[in-house]
Amino acid sequence: MEKSLFEQMGGTYTQVGDYLLPNLILPEQQGQPIGVWGQRHARYLKQHRKIIYMNLLTSGKLNDYLVDIENQAQNMFLQIVKQLAKSEGITEELKAKDQTEWVAQMNTVCYRAREIVNSKLIY
């Protein structure tokens, strides 16, 4: 009997009733923590890009990929916040003079920065 491609690559089967089921073992994943950006992107891949998600998962590259997305997103977010705050005149002087106004303006800037990162990198 000729071996299947799966068997030729070292795969094995288990007999369950009349069926042969492949014994699939996922590769070890590095346990680096994934932050909110990476988790958000993982959910997006799982729901809308299932083939990419499964390829990354089964190749053992998902964790590294999500850690990279997390780092890129965090760096992009911080850079955008800095640029928006500067362009809108949100300064340390404003923070010292009127903390409530500074917080309100920074919250708006952070919201806009999150939306930009989400649209360019996460979704």
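Modeller: What follows is a set of questions and answers on a predicted model.

Colleague: Which elements does the protein chain have, and in what pattern?

Modeller: The protein chain has 6 helices and 2 strands. Along the sequence the pattern reads α-β-β-α-α-α-α-α.

Colleague: What radius of gyration does the protein chain have, and what would a compact globule have?

Modeller: The protein chain has 23 Å. A compact globule of 123 residues would have a value near 14 Å. The C-alpha trace spans about 80 × 25 × 20 Å along its principal axes. Buried residues make up 28% of the 123 residues.

Colleague: Why is the contact of Arg112 with Glu88 called a salt bridge?

Modeller: The cut-off is 4 Å between a side-chain nitrogen of Lys or Arg and a carboxyl oxygen of Asp or Glu. Here the closest N and O atoms are 2.6 Å apart, so Arg112 and Glu88 form a salt bridge. The pair links distant parts of the chain, 24 residues apart. Arg112 is in helix α6, and Glu88 is in the loop between α4 and α5. By this rule the count comes to 1 salt bridge.

Colleague: Are Arg112 and Glu88 buried, exposed or partly exposed, and how do you know?

Modeller: Buried means under 20% relative accessible area, and exposed means over 50%. Arg112 has 32%, so Arg112 is partly exposed. Glu88 has 37%, so Glu88 is partly exposed too.

Colleague: How many aromatic pairs are there, and what makes the pair of Trp37 and Phe77 tilted?

Modeller: The structure holds 2 aromatic pairs. The ring centres of Trp37 and Phe77 are 5.8 Å apart, and the limit is 6.5 Å, so these rings pair. Their planes are at 50°. Stacked needs under 30 degrees and edge-to-face over 60, so this pair is tilted. Trp37 is in helix α2 and Phe77 in helix α4, 40 residues apart. Trp37 has 4% relative accessibility, so Trp37 is buried. Phe77 has 12%, and Phe77 is buried as well.

Colleague: Why is the pair of Tyr44 and Tyr123 called edge-to-face?

Modeller: The planes of Tyr44 and Tyr123 are at 70°, which is over 60, so the pair is edge-to-face. Their ring centres are 5.8 Å apart. Tyr44 is in helix α2, and Tyr123 is in the segment after α6, 79 residues apart. Tyr44 is buried, at 17%. Tyr123 has 49%, so Tyr123 is partly exposed.

Colleague: How do you know that a charge sits over the ring of Trp37?

Modeller: The distance limit is 6 Å from the ring centre, and the charge must also lie within 35 degrees of the ring normal. The charged end of Arg40 sits over the ring of Trp37, 5.2 Å from its centre. Lys95 lies over the face of Trp102, with 4.7 Å to the ring centre.

Methods:
Residues are numbered from 1 along each chain as its sequence is written. Side-chain values use heavy atoms; hydrogens and water are left out. Helices (H or I, at least four residues) and strands (E, at least two) are DSSP runs, numbered from the N terminus. Buried means under 20% relative accessible area, exposed over 50%, partly exposed in between (1.4 Å probe, protein chains only). Rings of Phe, Tyr and Trp (its six-membered ring) pair if their centres lie within 6.5 Å; planes under 30 degrees apart count as stacked, over 60 as edge-to-face and the rest as tilted. The radius of gyration is taken over C-alpha atoms; the globule rule is 2.2 Å times the number of residues to the power 0.38.
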